[in-house]
Amino acid sequence: MKFGGTSMAGTERIRRVARIVQRQQAAGHEVAVVVSAMAGETDRLVNFCREANTLYDPAEYDVVVASGEQVTSGLLALTLQALGCKARSWLGWQLPIHTSDAHAKARILEIDSAALIAAMQGGEIAVIPGFQGLSEHNRITTLGRGGSDTSAVAVAAALKADRCDIYTDVDGVYTTDPRIVAKARKLARVTYEEMLELASVGSKVLQTRSVSLAMKEGVRVQVLSSFIDDDAPPADSLPGTMIVSDAELEGQEMERQLITGIAADKNEAKVTLTRVPDQPGAVAAIFGPLAAAQINVDMIIQNIAKDKGETDVTFTVPSSDLARTQALLEAQKDTIGYFRMISDSHVAKISVVGVGMRSHAGVAATMFKALADRRINIQAISTSEIKVSVLIDEDETELAVRVLHTAYGLDGE
């Protein structure tokens with residue numbers, strides 16, 4: 001079981017979490033719990049580091065920011081004990097959770113789970129701080145923002161758990177953002193691949209890295225809400241959304257659903273370089289410096305070369321990286337040989353995702369027609385086996401999502 005920052009924000013919410021955990025143990029399960037820091041706490045600790053030293057040592061930064069999860073794991077263990085449960089906290093270095101040495105963005109290598117399994121078999125609830133681990137040099141490491149989801153999936157894999165329940169402030173994965181489309185429906189099951197695509201194109205329910213790890217290790221993940229009443233359906237009745245393999249979905253009704261969900265991402269900026277020489281190496285000269293600077297490029301369009309032997313190249317980057325992208329390309333202008341750079345940060349990426357695309361034609365055509373009927377202009381297109389994404393004007397984001405939700409028959413009651 002994993003509980004996020006909003007679920008752990010204060011004594012009363014931690015009591016609510018403890019009651020949810022207690023009910024699972026009372027149902028006969030062996031339970032391990034992974035917790036995040038209280039909402040806002042990690043930001044507070046990060047600011048302390050910046051105030052202490054703007055050029056802070058990443059190893060000491062990890063020592064500071066990992067303390068947020070240490071606090072909540074101890075508090076939850078104490079609260080469970082007050083309810084009469086046998087419980088203890090296990091810090092990242094006590095298990096230990098072995099990670100790489102990349103401070104602030106470490107990757108989990110392995111988890112020594114023997115002592116943890118023995119304690120759980122003895123009826124003890126294990127409370128584990130998410131987000132943290134131990135490097136080969138015995139230094140505390142952290143996994144990067146949102147890393148508690150990854151911690152939970154990794155612990156579930158190490159324990160060979162039947163299920164990993166991730167409790168959050170939403171009660172599952174929806175066909176789209178319910179704040180945009182009131183008729184959005186909660187999905188009973190989603191495949192790992194669909195969840196990966198949805199997470200990568202704007203759905204904020206789960207961290208992409210945790211879904212990737214669940215897919216690799218075959219961990220069944222359920223997303224459900226921690227903001228529930230005591231008489232709410234138990235997690236074992238699967239009231240949330242299960243994220244599972246394609247094989248588990250075989251024969252299920254949802255497998256016949258063409259589109260699983262629609263995601264929108266306004267964190268996009270479009271860059272166009274005009275009159276780029278149409279010759280080998282020109283495109284490499286554009287994207288090589290961006291890759292070296294760790295700037296992620298998404299959609300790429302190269303227009304057909306004109307008679308002059310020149311072409312226009314358009315691509316998108318995260319809007320937070322636009323200024324760096326512009327500076328890098330300006331510095332490389334003579335090397336690349338482009339004429340003008342045009343950028344636009346008022347764009348949004350709309351994506352339709354579904355495994356049903358593999359066996360159905362016309363998914364993209366439905367999307368293009370639905371947008372055209374509402375006079376929404378498409379500026380760029382990219383596709384994968386189970387996803388079609390388009391770039392549109394940011395002001396038309398909500399309209400596009402509603403139109404497509406209806407066009408694919410996703411509207412519920």
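Ala, Val, Leu, Ile, Met, Phe, Trp, Tyr, Cys and Pro count as nonpolar, Asp, Glu, Lys and Arg as charged, and the others, Gly among them, as polar. This is a predicted model, where local features need pLDDT of at least 70, side-chain atom pairs count only at pLDDT 80 or more, and totals for chains, interfaces and linings use all residues. Residues are numbered from 1 along each chain as its sequence is written, and side-chain values use heavy atoms, with hydrogens and water left out.

**Exercise 1. Pocket lining**

Task: Describe the second largest pocket by volume, lining and residue class.

Solution. 
- Step 1: On a 1 Å grid over the protein atoms alone, a pocket is an open set of points where a 1.4 Å probe fits, with protein on both sides within 12 Å along at least five of seven lines; lining residues have an atom within 4 Å of a point.
- Step 2: take the volume. A volume is the space filled by probe spheres set on the points, and grid points are joined across faces, edges and corners.
- Step 3: find the centre. Of the 22 lining residues, E30, V31, A161, D162 and R163 are the closest to it.
- Step 4: assign elements. Two or more residues each come from β2 (32–35), α5 (114–121), α6 (147–159) and β9 (164–168). Helices (H or I, at least four residues) and strands (E, at least two) are DSSP runs, numbered from the N terminus. Helix α6 gives the largest share, four residues.
- Step 5: sort by class. The lining divides into 12 nonpolar, three polar and seven charged residues.

**Exercise 2. A strand and its partners**

Task: Work out how β13 is covered and paired.

Solution. 
- Step 1: check burial. In β13 (residues 261–277), 12 of the 17 residues are buried. Buried means under 20% relative accessible area, exposed over 50%, and partly exposed in between (1.4 Å probe, protein chains only).
- Step 2: pair the strands. Two strands pair if DSSP finds at least two bridges between them. Strand β13 has 11 bridges to β16 (residues 340–353), and the two run antiparallel. Seven bridges link β13 to β15 (residues 310–317), again antiparallel.
- Step 3: read off partners. D265 has K349 of β16 as its bridge partner. V276 stands opposite T311 in β15.

**Exercise 3. Salt bridges**

Task: Which residue pairs with E197, and are the two buried or exposed?

Solution. 
- Step 1: apply the rule. A salt bridge is a side-chain nitrogen of Lys or Arg within 4 Å of a carboxyl oxygen of Asp or Glu. The count comes to 21.
- Step 2: take the pair. E197 bridges to K387, with the closest N and O atoms 3.6 Å apart. E197 lies in α7 (residues 192–200) and K387 in β18 (residues 387–393), so the pair ties together parts 190 residues apart in sequence. Both residues are buried.
- Step 3: K216 and E217 form a salt bridge at 3.0 Å between the closest N and O atoms. K216 is exposed at 65% relative accessibility, and E217 is partly exposed at 40%.
- Step 4: look for a network. Salt bridges with shared partners join E193, D246, R358 and E385.
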